[in-house]
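Hi everyone, thanks for coming.

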Amino acid sequence: MALESTKILILGPTGAIGRHIVWASIKAGHPTYALVRKNAAAVPKPTLITAANPDSKEQLLDSYQKSGVTLLEGDINDHQSLVKAIKQVDVVICAAGRLLIEDQVKIIEAIKEAGNVKRFFPSEFGLDVDRHDAVEPVREVFEEKARIRRLVEEAGIPYTYLCCHAFTGYFMRNLSQLDTTVPPRDKVYIQGDGNVKGAYVTEADVGTYTIKAAADPRTLNKAVHIRLPLNYLTFNDVVSLWEKKIGNTIERIYVPEEKVLEEIKASSFPNNYLLALYHSQQIKGDAVYEIDPAKDVEAYELYPDVKYTTVDEYLNQFV
């Protein structure tokens with residue numbers, strides 16, 4: 001698949017990750033297509049971190065058109081419009097949110113009917129759903145994603161799975177503290193002992209690595225793991241970086257796993273979901289594992305030329 005001729009379709013192009021995949025595709029010079037509903041802007045959905053995604057759908061779609069993106073009217077639930085869109089491209093990248101994970105069965109059926117797709121990225125963009133010890137309510141979502149993987153494989157569809165772990169917009173902009181959108185300057189709650197390594201990455205860099213992998217034969221039928229050396233940190237490391245920036249020592253309050261699990265059960269969405277995500281990485285260590293060269297590749301090894309944003313650099317905006 002020649003890089004310059006790779007036509008890429010993004011499903012969920014205005015979401016937290018989809019928007020960055022669109023911009024990365026444009027920047028890389030790919031013919032870029034986005035599937036949009038006729039009344040996309042009128043459909044409200046609950047969000048985890050609103051402040052991380054400030055642009056409205058209307059603003060994004062207008063910017064896309066001005067940047068040369070082809071907007072295709074359609075819907076995951078409209079089989080014919082989906083097939084029609086897919087027939088125009090080489091690569092399909094689904095960035096649909098957690099509420100639409102199971103609906104990817106419809107995308108699989110449309111890809112099978114279209115018969116021309118050279119690569120499919122199902123909506124993952126988190127930890128490796130075949131390697132985790134997460135608790136509810138996120139466990140159910142991960143299990144749905146794993147089921148989609150098996151269906152893609154059974155259908156014989158060429159695929160790439162993108163495992164990027166923790167978005168800075170969810171984990172770093174507030175140091176994983178609830179009900180705030182900026183890092184604390186007095187005290188910070190840390191799940192566990194703070195010594196488990198996590199993998200952090202900006203949403204923009206996820207877009208970059210996704211598009212890099214889209215036309216790369218080395219990522220065909222593989223999982224791409226984004227665990228960047230300078231961003232593979234314990235939470236104590238992260239807090240120390242922040243303390244150095246603000247010139248102040250923050251009180252660190254360590255929360256034992258038993259207490260975390262109680263808080264998850266007692267909380268409602270989105271806090272229960274966020275707490276479970278933090279628990280997966282900070283206590284269970286779901287970003288710590290050895291890859292299998294037969295089915296896995298590390299993004300930083302494949303693309304050493306990418307100048308990614310470090311956690312240290314990311315935190316500068318909040319000083």
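Predicted model: local features only at pLDDT ≥ 70, side-chain atom pairs only at ≥ 80, totals over all residues.

Let's step back along the chain to C164. You'll find C164 in the loop between β6 (160-163) and β7 (166-167). Is C164 buried or exposed? Its relative accessible area is 0%, so C164 is buried. And what is around it? Leaving out residues up to four places away in sequence, C164 touches F125, G126, A199, V201, V206 and I226. Another way to see how the chain folds back here is to look at A223: it is 59 residues from C164 along the chain, yet their C-alpha atoms are separated by 10 Å.

The largest nonpolar core has 101 residues, and F125 is among the four that touch the most other members, together with L9, I86 and F120. Beyond four places in sequence, the contacts of F125 include I17, I21, I93, L162, F167 and, once again, C164. As background, nonpolar side chains in soluble globular proteins tend to be buried together.

L9 stands opposite Y33 in β2, and β1 and β2 pair in the parallel sense over 4 bridges. They belong to an open sheet of 5 strands, ordered β3-β2-β1-β4-β5, with parallel pairing. Which strands are at the edges? They are β3 (70-73) and β5, each with a single partner strand, so one side of each has no neighbour in the sheet. On average, neighbouring strands here are turned by 20° against each other, if we ignore direction.

What packs on this sheet? Helix α3, residues 79-86, touches β1, β2, β3 and β4, and its direction makes about 150° with that of β1. Helix α7 also packs on the sheet, touching β1, β4 and β5, at about 160° to the direction of β5.

Next, helix α1. Its buried residues are G18, R19, I21, V22, A24 and S25. Among the elements covering them are β1, β2 (32-36), α2 (57-66), β4 (91-94) and α7 (203-214). After α1 comes G29, with a positive phi near 85°. In the loop between β1 (8-11) and α1 (18-28) we find T14. T14 counts as buried because its relative accessibility is 13%, under the 20% cut-off. Its contacts beyond four places in sequence are R19, K57, L60, L61 and Y64.

Last topic: salt bridges. How many are there? The count comes to 21. One of them joins R150 and D130, with the closest N and O atoms 3.0 Å apart. This pair links distant parts of the chain: R150 is in helix α5 (residues 138-154), while D130 is in the loop between β5 (119-121) and α5, 20 residues away. R150 is partly exposed at 30% relative accessibility, and D130 is partly exposed at 38%. Both also belong to a network of salt bridges, together with E124, D128, R131, R149, E153 and D296.

Here are two further pairs to find on your screen. R252 and E243 meet at 2.9 Å, N to O; R252 is partly exposed at 24%, whereas E243 counts as buried at 14%. K307 and E313 have their closest N and O atoms 3.3 Å apart; K307 is exposed at 64%, and E313 is partly exposed at 36%.

That's my tour, and I'm happy to take questions!

Methods. Residues numbered from 1 in each chain as written. Heavy atoms only, no water. Helix = DSSP H or I, 4+ residues; strand = E, 2+ residues; numbered from the N terminus. Buried < 20%, exposed > 50% of the residue type's maximum accessible area, 1.4 Å probe, protein only. Contact = heavy atoms within 4.5 Å. Core = buried A, V, L, I, M, F, W, Y, C linked by side-chain atoms within 4.5 Å. Salt bridge = Lys/Arg side-chain N within 4 Å of Asp/Glu carboxyl O. Pairing = 2+ DSSP bridges. Axes fitted to C-alpha atoms, helices over the stretch in contact; angles between N-to-C directions.
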